[in-house]
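Me: I've got the sequence and the fold up on screen. Can we go through this one together?

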Amino acid sequence: FAQTWNVSVFESLFTYRVDKNESWQYYSHPNHIPVFADKIVATETQISICGKDAECIYDLSQTNSTTFALATMQFSQTNAQEVKLINNFPPKITGSNTFKVTVGQVSIYNFTIEDMDDNITVGVVGGIPY
């Protein structure tokens with residue numbers, strides 16, 4: 001399937017640095033068979049470096065570069081934190097819409113607050129009118 005994406009030397013839109021011995025032929029590998037992540041069995045060394053981070057393990061298995069793999073893991077962790085922040089909607093507050101109070105008597109109002117990350121602070125702002 002991927003071979004249908006391969007372009008010839010005449011169709012390529014890339015330019016190559018002759019002073020670095022780069023060419024279309026240098027980068028063209030028509031017999032390359034990609035390794036898919038679900039086919040990788042992590043080694044003890046990869047697990048000791050990457051833990052359970054699948055992207056890190058994949059990159060380490062393919063590049064043998066700890067620096068590159070750890071950079072991938074850091075990016076994945078940063079991305080996960082950003083997704084969590086983006087998805088952190090205002091808390092959901094539920095309770096009755098009506099209050100029945102009597103001046104001089106204690107009143108109790110029960111409500112529920114739900115927050116995705118369980119980071120909730122509740123306070124009363126301002127005074128209670130008499």
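Me: Let's start with Cys50: buried or exposed?
Reply: Cys50 has a relative accessibility of 4%. With a 1.4 Å probe and protein chains only, under 20% relative accessible area is buried, over 50% is exposed, and anything in between is partly exposed. So Cys50 counts as buried.

Me: Before we go on, what kind of model is this?
Reply: Residues are numbered from 1 along each chain as its sequence is written, and side-chain values use heavy atoms, with hydrogens and water left out. Local features need pLDDT of at least 70 and side-chain atom pairs count only at pLDDT 80 or more, while totals for chains, interfaces and linings use all residues, since this is a predicted model.

Me: Which residue forms a disulfide with Cys50?
Reply: Searching the whole structure turns up one disulfide (a pair of cysteine sulfur atoms within 2.5 Å). The sulfur atoms in question sit 2.1 Å apart, and the partner of Cys50 is Cys56.

Me: Is that Cys50 and Cys56 disulfide left-handed or right-handed?
Reply: Cys56 is buried too, at a relative accessible area of 0%. The torsion about the S-S bond of Cys50 and Cys56 is about -60 degrees, so the disulfide is left-handed.

Me: Are helix 3 and helix 4 roughly parallel or antiparallel?
Reply: Their packing angle is about 160 degrees and their axes are 8 Å apart; axes are lines fitted to C-alpha atoms, for helices over the stretch in contact, with angles from 0 to 180 degrees between N-to-C directions. Under 35 degrees counts as roughly parallel, over 145 as roughly antiparallel, 65 to 115 as roughly perpendicular and the rest as oblique. Residues meeting across the pair include Leu60 and Thr63 in helix 3 and Ala69 and Met73 in helix 4. The two helices are therefore roughly antiparallel.

Me: Where is Asn64?
Reply: Asn64 isn't a glycine, yet its phi is positive, near 60 degrees. At 68% relative accessibility, Asn64 counts as exposed. Its place is the loop between helix 3 and helix 4.

Me: What is the relative accessible area of Asn21?
Reply: Asn21 lies in the segment before helix 1 (24–27), and its phi is also a positive value near 60 degrees in a residue other than glycine. Asn21 is exposed, and its relative accessible area is 64%.

Me: How many Å separate the C-alpha atoms of Gln77 and Asp53?
Reply: Gln77 belongs to helix 4 and is partly exposed, with a relative accessible area of 37%. Asp53 is 24 residues away from Gln77 in sequence, and the C-alpha to C-alpha distance is 9.2 Å.

How values were computed. Helices (H or I, at least four residues) and strands (E, at least two) are DSSP runs, numbered from the N terminus. Contact means heavy atoms within 4.5 Å.
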